[in-house]
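Below are some notes for a colleague who is opening this structure for the first time.

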Amino acid sequence: MVDAPQEETSHIARTEATDALLTVQDLTTEFATATGSIRAIEDVSFDVHPGESLGIVGESGSGKSVTARSIMRLLDENGRIANGSVELNGRDLSTMSEHELTEVRGSDIAMIFQDPMSSLTPVLTAGTQITETILEHQDVTKAQAKEQAIDLLDRVRIPDPESVIDTYPHQLSGGQRQRVLIAIAISCDPDVLIADEPTTALDVTIEAQILDLLEDLVNEREMSLVQITHDLGVVAETCDRVAVMYAGRIVEQGPVSEVFVEPRHPYTAGLLRSTPRIADVEPDLLAGNVPDPGERPVGCNFAPRCTHSTEDCHAVNPPLEPAGGHEVACIRTDDIGPLEPIPAATRRESTHQEVGGTIVEGENVRKEFSSADSLLDRLLPGGDPPVRAVDGVDLSLSKGETLGLVGESGSGKTTLGRLLLELTDRTSGEIRFDGRPLAEVPNGELRSRIQFVFQDPNSSLNPRQTVGKILRFAVNKHEAGVDVDERIAELLTEVGLDPETRYDYPHQLSGGQKQRVGVARALAVDPDVIVADEPTSALDVSVQGQLLDLLEDIKRKHGLSMVFISHDLSVIRHISDRVAVMYLGRIVEVNETADLFDAPQHPYTEALLSAVPNPDPQMNVARTVLEGEIPDPKRPPTGCNFVTRCPDAMPECERLDPELAATDDGDVACLLHHDVTRSDSDEAERSTN
Amino acid sequence: MSEESGYNGSGGQSADTSDHSRASVENPTGFQRTWREFRAHPLAVAGLAVVSIVTIVGIVTFLDDALLENALIKSVYYSPFKPEFMPLQGPSMAHPFGTDTLGRDVLARTIYGAKVSIQVALTAVLVAAAIGSPLGVIAGYMGGYVETIVMRTVDVILGFPALVLAIGLVAALGFNLTNVIIALGIVYVPQFARIARSTALSVSNEEYVDAAKALGYSRPHIVFREVLPNCISPLLVQASLLMAFAIIAEASLSFLGLGVQPPTPTWGQMVSDGSGYLTSAPWISLFPGAAIFGTVLGFNLIGDGLRDALDPRESAERRF
């Protein structure tokens, strides 16, 4: 710790210049690559005041994470701060020695990382990892440190901290791990906490819990928070000020209530307008992609994508200048004036022209994953009960319809999607395709009529095959006698790619392009049904909007039916005609999209909807934050599955298991709305399984 | 396309200059791309040079021995077979590598030794890889009984010390070079099968394998087109290591009199011949030993280079 008199003088000096706690001035970071040095961020400047929370928002490649890492001096070996300063409490972090930094890191400034799965050491207990930090920075005994650790875990609202302190990271859920990481970060009472996408890897309901926690910690401890995120909703809900980054530069900066309500920079406006919202508006697309750091244009980085750009924009790099209460980096600010953050167009209701008969139908579909794989395990009594990933689901998909399947991780939505294609074997139940049970549909026919679009663009394309080869196999498989090359070009054009892309390997494409190839592959067999499993979750907001539009267009053009699986309610709202909400292997509510979003019936749906961060700071309504986490699917609660977290739970909910039954307001599985329970015969079947 | 690649072949360095950008990356076929990537590793190229020289020497000596009755080497140097000189002479101008216990020129024998070593290393490993890799990939992808049968069989083979098993096989099949190759090939099958299986297990979980299933591709297509190519990197590295082992194993078998029979020189045999004279006449073992070392190193360097070059993701990396 710095001794008192010095701190006093530096404090005075600081107050004279600016009353900011953290001052970042003209920060420029370069990375050495094989092809020369690349500037990841350029001239980034911002202040963070005590007790303030600043959001840094941008798409991938905008340099927001590099900014955070530059502040902490946690750059990779090939990176260096080329220019600028980072002053914390009047001390310049950018010129400190590694030794001095160790003192500052943790005690004055701390960081939380994105992935709670890999940020904790798997071989040490949670408690050890917290006490380690405390012992490093404070002069306390081990016993005191342990007491502090328990206290910290309690403060980050981990239930039963005394026992959690002795658990290993793999025994904790993602949300709990993130809490432990926060506990480590705040263990030495830092002045500034930097959170790099702290909730991106978490479910919405858990995200809401963590955001609440961060907000409370900031208020309670007078800490300053720098939150890095791609999610505009998160910024709107938790930050006081926001800095919007694009291609390595801050393009707009100011109070959230102003920037998000009256954006001045065309990029900010474009980003806000392209974000799918729960509200009744259709997102406006932002064309193009963020340029790679090595290929940024001359002049304004955003000019090539900007609808307001003129010749001048391509000549000079606009500095960040005050305009309308905040700072904007655009030479045409005065001409353009304030922009509208919410697209004017109201939602195209009923995107489907006509909905035909049922094409896919599932009845009481079940899938259990057994951990007992070997013969011996199966014969011996005891052991873990099987995981009921999909637990008696009925669903139907009409021709020309898009059914949104929404739920948190562990709800079984992906497994259900895979069951429809027989990518996974069912445990029991029946799925009918076009009126016939799947067993009676020849494999070849099934494969050419129902297709899958995968979640992870990095894993869904074979890295050793060119795009052309990937599509060639698919075309050859199902369409004999066509000109394959022509068909490949046609498919690529249809998904909005240059036909020349066929010569590229997947790693040469961007995430959005890879997903387009995935869509083209599914289209190659000319299917009737597409099951899309979180196709946009790995993509940036603007790219996500483009892909959703593409899917929508293709669906309409080919008259496809689609099952769209997602955890993101805004996306589901945008694309679906009908929505099924899943929780713990069951569908808890099904309804027309508009009805479900306007008047959710099931308490879980209600909580999910209210947990979604809204990018409009003026719409800050009280949220229902669900407590606890999704229960272990091996041991679901008796009675209603949702009873452990339900804010409206009644005593009978613990005994009776509600069936998904039709009501006036759609199908819902909740005793608040009806008293249909799962039949006894059903129960009997369950127990014998 | 062909013009592009022709340009690339003649002026390959231009691809590495600083104005290299994504737009200028043409779309070469797999082989051209792999070769370009391989060339970017100087050590791998050095390894390839060493192995190429040894292989050429091996081929030339093979032809000389089989067709010309050693006339070629005799016309430019000494016969590797006839004891024509004073035994145990140290390296000199006349005999750069010295002479062995019987008075044969060590350099001539080292040159001739390349033939057997290369033959054994390449073919034995090729046999093992050709049997082991598909078996392992099939086992890893299919799982269940197929996996149990394949992998337990492999475990049984692994249960025997490699050399002991090879000795047994050679003893059963008869003492000659072909049988040495067959025996070593069988002995090394488990190495490939195990690695292929574990890699195939993780590759099988990739989404593109699911995509292939969803498109209704046949099992052979999925195994050989989707899974196997993505398992190749660790297999190649293993192959380059095993070539080194094969050279040494051949030497051991020759030492025991089970492999190639004297007077045909092999490096391993020469090392063991000289092992009794290490203090008084170290050159007898030293030079063939150096040849083994150089060749083995060459194979390892090639393996490393190939691993990088064969993986498209290694090229044009976008890492910040």
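1. The expected span of a helix is 1.5 Å times one less than its number of residues, and helices (H or I, at least four residues) are DSSP runs numbered from the N terminus. Helix α8 (residues 177-204) of chain B has 28 residues and reaches 39 Å from its first C-alpha to its last, close to the 40 Å expected at 1.5 Å a residue.

2. This is a predicted model, in which local features need pLDDT of at least 70 and side-chain atom pairs count only at pLDDT 80 or more, while totals for chains, interfaces and linings use all residues. Residues are numbered from 1 along each chain as its sequence is written, and chains are lettered from A and ligands numbered from 1 in the order in which they are written.

3. Of the 28 residues of α8(B), 20 are buried (20 or more other C-beta atoms, placed from the backbone, within 10 Å of their own).

4. The axes of α5 (residues 106-142) and α6 (residues 144-159) of chain B, lines fitted to C-alpha atoms over the stretch in contact, come within 7 Å and cross at roughly 145°, on a scale from 0 to 180 degrees between N-to-C directions.

5. Between chains, 21 residues of chain B are in contact (C-beta atoms, placed from the backbone, within 7 Å) with 33 residues of chain A. Helix α9 (residues 207-214) of chain B gives the most to the side of chain B that touches chain A, with six residues.

Methods
Contact = placed C-beta atoms within 7 Å. Helix = DSSP H or I, 4+ residues; strand = E, 2+ residues; numbered from the N terminus. Buried ≥ 20, exposed ≤ 12 C-beta atoms within 10 Å, placed from the backbone.
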